Amino acid sequence: MRILSRYVRRYYLTYLVSGLAACAGLLLLVELFDRIDTFIGPSVLWIDAIHYLVLKLPWMVYQMMPAACLLASVVTFSTLIKP
C-alpha cells in the first residue's frame, strides 16, 4: 500500500470516528431532552432510561453515518490542501 493511501485512510478514519461520535452524541442528547418528562416519572428508574438510550444508540449511529462520512471527506481533503 502506498504512503499517500495510508495517510489519507488514517486521517479519514480518524475524522469519521470522531465525527460519528460527535453527531451520535448530539442526537443522543436531543433524544434525552425530548423524553426527559417520561424519564422523570415516579415509576421509571434511571437505569431504565440509560438502557433505553443504549438500545437507541445503533439507530442513531445508522442515521448519522452519512453526515459523518461527508464531514470526514470534507475535512480530510481540506487538510490535504493546506500547505
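The count of disulfides in this predicted model comes to 0, a disulfide being a pair of cysteine sulfur atoms within 2.5 Å. The sulfur of Cys23 lies 10 Å from the closest cysteine sulfur, that of Cys69, which is too far for a bond. Cys69 counts as partly exposed because its relative accessibility is 26%; buried means under 20% relative accessible area, exposed over 50%, and partly exposed in between, with a 1.4 Å probe and protein chains only.

Residues are numbered from 1 along each chain as its sequence is written. As the model is predicted, local features need pLDDT of at least 70 and side-chain atom pairs count only at pLDDT 80 or more, while totals for chains, interfaces and linings use all residues; side-chain values use heavy atoms, with hydrogens and water left out.

**Helices**

Helices (H or I, at least four residues) and strands (E, at least two) are DSSP runs, numbered from the N terminus. Helix 3 has these buried residues: Ala49, Leu53, Met60, Met64, Ala68, Ala72, Thr76 and Thr79. They pack against helix 1 (3–34) and helix 2, where contact means heavy atoms within 4.5 Å. An α-helix has 3.6 residues a turn, so residues three or four places apart point the same way.

Helix 3 has a kink of about 45° at Met64, shortly before the proline Pro66. The bend at a residue is the angle between axes fitted to the seven residues ending there and the seven starting there.

**Aromatic rings**

The count of aromatic pairs comes to 3. Rings of Phe, Tyr and Trp (its six-membered ring) pair if their centres lie within 6.5 Å; planes under 30 degrees apart count as stacked, over 60 as edge-to-face and the rest as tilted. The ring centres of Phe39 and Tyr52 are 5.7 Å apart and their planes stand at 65°, so this pair is edge-to-face. Phe39 belongs to helix 2 (residues 36–39) and Tyr52 to helix 3 (residues 46–81), so the pair ties together parts that are 13 residues apart in sequence. Phe39 is buried, at 8% relative accessibility, whereas Tyr52 is partly exposed, at 26%.

One aromatic cluster is formed by Tyr7, Tyr11 and Tyr15. Lys56 lies over the face of Trp59, 5.1 Å from the ring centre. A charge sits over a ring if NZ of Lys or CZ of Arg is within 6 Å of the ring centre and within 35 degrees of the ring normal.

**Salt bridge**

The whole structure holds 1 salt bridge, defined as a side-chain nitrogen of Lys or Arg within 4 Å of a carboxyl oxygen of Asp or Glu. Glu31 and Arg35 form a salt bridge whose closest N and O atoms are 2.8 Å apart. Glu31 counts as buried, with 11% relative accessibility, and Arg35 as partly exposed, with 33%.

**Separations along the chain and in space**

The table sets sequence separation beside the distance between C-alpha atoms.

| Pair | Separation in sequence | C-alpha distance |
|---|---|---|
| Ile40 and Leu71 | 31 residues | 35 Å |
| Thr79 and Val8 | 71 residues | 9.7 Å |
| Thr14 and Leu55 | 41 residues | 25 Å |

Ile40 sits in the loop between helix 2 and helix 3 and is exposed, with a relative accessible area of 58%. Thr79 is placed in helix 3 and is buried, with a relative accessible area of 18%. Thr14 is part of helix 1 and counts as partly exposed, at 45% relative accessibility.
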